[in-house]
Every structure is written in C-alpha cells, then in structure tokens.
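Please open the structure in your viewer and keep the selection tool at hand. The tour below moves from one selection to the next and says what there is to find at each stop.

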Amino acid sequence: MECGSLDDHELAAQACEGREAAFRELLERYERPVFSLVVRMVRDRALAEDLVQEAFIRAFRGIRSFDPSYKFSSWLFRIASNVAIDHLRRRKLDTVSIHGADHRGHPDGRERPDLDLPARDQDPERFTENRELRERIEAALTHLRPEYRAVILLRHLEGHSYEEVAEILELPLGTVKTHLHRGRAELRELLREFER
Amino acid sequence: MSEEAEHPGAEALQALLDGELDQPRRETIERHLAGCVPCSRELRDWSALFHALEELPELAPSPRMRENVLARLPGKRAPTPLRWLGWAAAMGLLLTPSLGFLLVAAAIVAHPLLTLEGVATLLGWQLADFARENLTWIARWAMEWGLVALESGIAEAALSYPGRAFAALVALWAAFVGSGWTLYRNLLSPSRTANRHVQV
C-alpha cells in the first residue's frame with residue numbers, strides 16, 4: 001500500500017512493525033514543521049538539525065510507546081519541544097523554566113506609549129507580505145522567553161488548539177492561555193520597539 | 001455598567017481571534033466591538049499580529065538530516081564515525097607491511113654474508129628485470145626474495161622454528177586483513193548492515 005495515502009496512526013502502526021517506508025513517510029510529513037519549531041526555539045540552524053534529528057530518532061525508537069488515542073503530531077511535537085527545551089536549559093541560554101514565571105513587564109520596566117502596528121490601515125494580506133515585518137517578527141520571537149516562544153509557535157505556526165498546546169508542553173490549560181496572552185503582548189511591544 | 005458596555009481587554013480579544021470563546025461571550029464582545037472604536041482598533045492590531053505570525057514561512061532542514069535519521073532507524077546499525085578505531089586501522093594498514101619490510105631488512109643487514117651494497121644491487125636487478133620482463137616479474141621477484149631469505153638465515157630460522165614462523169605469518173596476515181576491513185567499514189561502507197532488520 002502507498003504510504004502517502006495512510007493517516008498518521010496507520011503509519012505509526014506500520015512503523016511499529018519496522019516498516020522503513022512508514023518511518024520515511026512520517027519523517028517527510030513532519031520534518032519541516034518540527035524543524036521550523038525547533039530552529040526558532042534554539043536560534044541556530046545547525047544545532048536545530050541536530051536536535052530535530054535526535055527528536056525523530058527518540059520518537060521512532062519509542063514508537064511502540066505511542067498511544068493511538070492521542071494525535072501523532074502532538075506526541076511528536078512534545079518530544080521535539082522537550083529536546084529543544086532541555087537543550088536550552090542545559091545551555092542556560094534563558095533563565096526561566098518552561099513552567100513559567102510571572103513576567104508581565106519588560107526587564108527595564110519602562111513605560112511605552114501605544115504604537116500602531118503597520119497593519120493598522122493595511123489589508124491583512126499586504127501586511128503579511130511585508131518581508132521586513134516578517135524579519136522583525138522573527139527577530140522579536142528570539143527575544144521572547146522559551147515558554148512564551150513555544151506556545152506562540154505551536155499555536156500560530158502549527159495551528160494547534162489551546163488544549164493541544166497544553167498536551168504537547170505538558171502544561172495546565174490556564175498556563176498555556178497565560179503564556180500565549182503574555183507572549184503576544186511582549187511580542188507586540190518588541191515590534192513597536194523595533195519600529196522606533 | 002452592563003457586560004456589553006465593558007471593554008473586553010486584550011486577553012478576551014485574543015481568545016476571540018483564536019476562536020476559543022463560547023458563543024454567548026463571543027456575541028457579547030462582538031456587540032461591544034460594533035460600537036467601540038478603540039476596541040475595534042485593538043482587535044485589528046491583534047489580528048494583524050496573528051496574520052503575520054501565521055504567515056511565517058515553514059523552514060526546511062538539509063536533506064542530510066533526513067538521511068541521518070533514516071540511517072539510525074530502529075533495527076539499523078548506527079554509522080560508525082571516523083573514530084580512533086578507524087585511524088588505528090589506517091595506521092595498522094600502513095605499518096604492517098612496513099614493519100614486515102623492516103624486519104626482513106634488519107635480518108639481511110644483520111647477516112654477515114650480506115651488505116647494504118649487496119641489497120642495493122639486488123634491488124637494482126629487480127628494477128631492471130621489472131622494466132625488461134614485465135610479464136614474469138612476479139615469479140622473478142618471489143625467486144629472488146626467496147634466495148635472499150635463504151642467504152640471510154630467515155628461511156633457516158623459519159625451518160628451525162616452524163611454529164613461531166607460521167604464527168608470525170598468520171599474525172601479520174591477520175593484522176593486515178583486519179586493518180583493511182576496519183578501514184573499509186569506517187571509510188567506505190558505514191551502514192552496510194542497514195537493511196538487515198528492517199522490512200521495506
């Protein structure tokens with residue numbers, strides 16, 4: 001049977017039996033989304049490749065522990081985000097745990113006036129085509145603490161629901177909502193700063 | 001102040017855009033937005049940010065990454081990197097014949113009937129013969145070195161201690177073949193057993 005026509009659970013079942021074609025199909029489906037998440041988490045392309053490779057190998061070697069009552073993508077993203085966050089913790093690139101701390105304000109505590117995002121008077125499509133803005137968003141994301149970055153990327157890049165994000169990051173639903181809200185607020189502040 | 005008249009706040013506006021509000025709450029906020037310019041503007045701001053985030057491009061890893069993962073699938077043998085074993089094998093391959101040559105040369109030089117000049121003359125003959133009679137050079141080479149072995153006492157020693165001579169030959173041969181095999185596994189065929197356990 002052609003693997004491309006199978007859903008994730010069927011592929012996972014075949015992978016459990018050691019079928020290389022199933023592993024290959026799962027890898028092809030998810031290597032880009034997982035890499036997109038991890039590279040934005042660790043901010044280093046070569047390192048991200050190593051971590052994604054590690055995540056896939058962990059997932060494939062532990063494929064028998066995958067519970068089909070969950071989404072395969074959630075399970076895979078959980079492994080990948082754990083690998084990335086473990087790395088960030090080890091490297092001490094960031095100082096706050098993924099389980100979060102109250103950090104509403106900017107470290108320097110300055111008050112900032114409300115600044116308009118460039119989209120205010122633009123059509124959303126034109127706005128999103130703005131390459132400079134995209135680069136600013138990428139830059140701003142790197143300034144967010146990893147727990148905020150993780151929830152925002154999983155929500156917006158991968159389109160996971162709040163519940164799925166909570167499941168992937170093994171966080172309470174309320175914490176995910178808080179991280180999303182605060183992370184976006186910080187992101188908007190950073191974008192405004194970059195514009196000044 | 002009624003619920004509808006209250007400004008919903010950033011968190012509620014984000015939840016509205018996320019589609020995570022229940023219907024009554026959503027309808028209340030939408031009614032408020034219809035009559036509140038600042039909140040509508042705030043919603044547009046958030047909406048623009050959401051669009052921009054969702055438009056971030058998907059990034060691709062290098063093809064090498066996929067191959068690395070596939071090479072380490074369950075049941076597959078991990079590729080052996082160029083570690084110390086590989087380099088040791090390379091050194092062994094290089095040194096084994098050199099060591100053998102040095103042993104022979106030492107035996108020749110130590111023999112009272114042979115001199116360095118004599119060995120050089122012999123090598124000169126060999127060179128000349130090789131150029132002249134290319135087709136028979138292997139036989140000639142073997143015969144001449146056989147004579148050297150006889151004259152230098154190596155053959156005599158080997159005949160006196162056949163067990164040791166045989167063991168030395170086997171050891172040299174094993175070292176040479178083992179080094180070559182290890183080098184081949186490390187340099188040329190890192191995942192030769194890759195398909196052994198995996199059905200396709």
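Buried area is the accessible area, taken with a 1.4 Å probe, that two parts lose on being put together, summed over both. Between chain B and chain A this area is about 4500 Å², and carbon and sulfur atoms give 58% of it. Before going on, note that this is a predicted model, in which local features need pLDDT of at least 70 and side-chain atom pairs count only at pLDDT 80 or more, while totals for chains, interfaces and linings use all residues. Residues are numbered from 1 along each chain as its sequence is written, chains are lettered from A and ligands numbered from 1 in the order in which they are written, and side-chain values use heavy atoms, with hydrogens and water left out.

Select chain B by itself. Its secondary structure comes to nine helices and zero strands, where helices (H or I, at least four residues) and strands (E, at least two) are DSSP runs, numbered from the N terminus. Of the 200 residues of chain B, 30% count as buried, a word that stands for under 20% relative accessible area, computed with a 1.4 Å probe on protein chains only.

Now show both chains and select the residues in contact, meaning those with heavy atoms within 4.5 Å. Chain B gives 41 residues to this contact and chain A gives 50. Across the interface, the rule finds nine salt bridges, each being a side-chain nitrogen of Lys or Arg within 4 Å of a carboxyl oxygen of Asp or Glu. To see one of them, select R66(B) and E28(A), whose closest N and O atoms are 3.3 Å apart. On the side of chain B that touches chain A, at least two residues come from each of α1 (10-18), α3 (37-54) and α4 (63-71) of chain B.

Over all chains, the structure holds zero disulfides.

How values were computed: Disulfide = S-S within 2.5 Å. Buried < 20%, exposed > 50% of the residue type's maximum accessible area, 1.4 Å probe, protein only.
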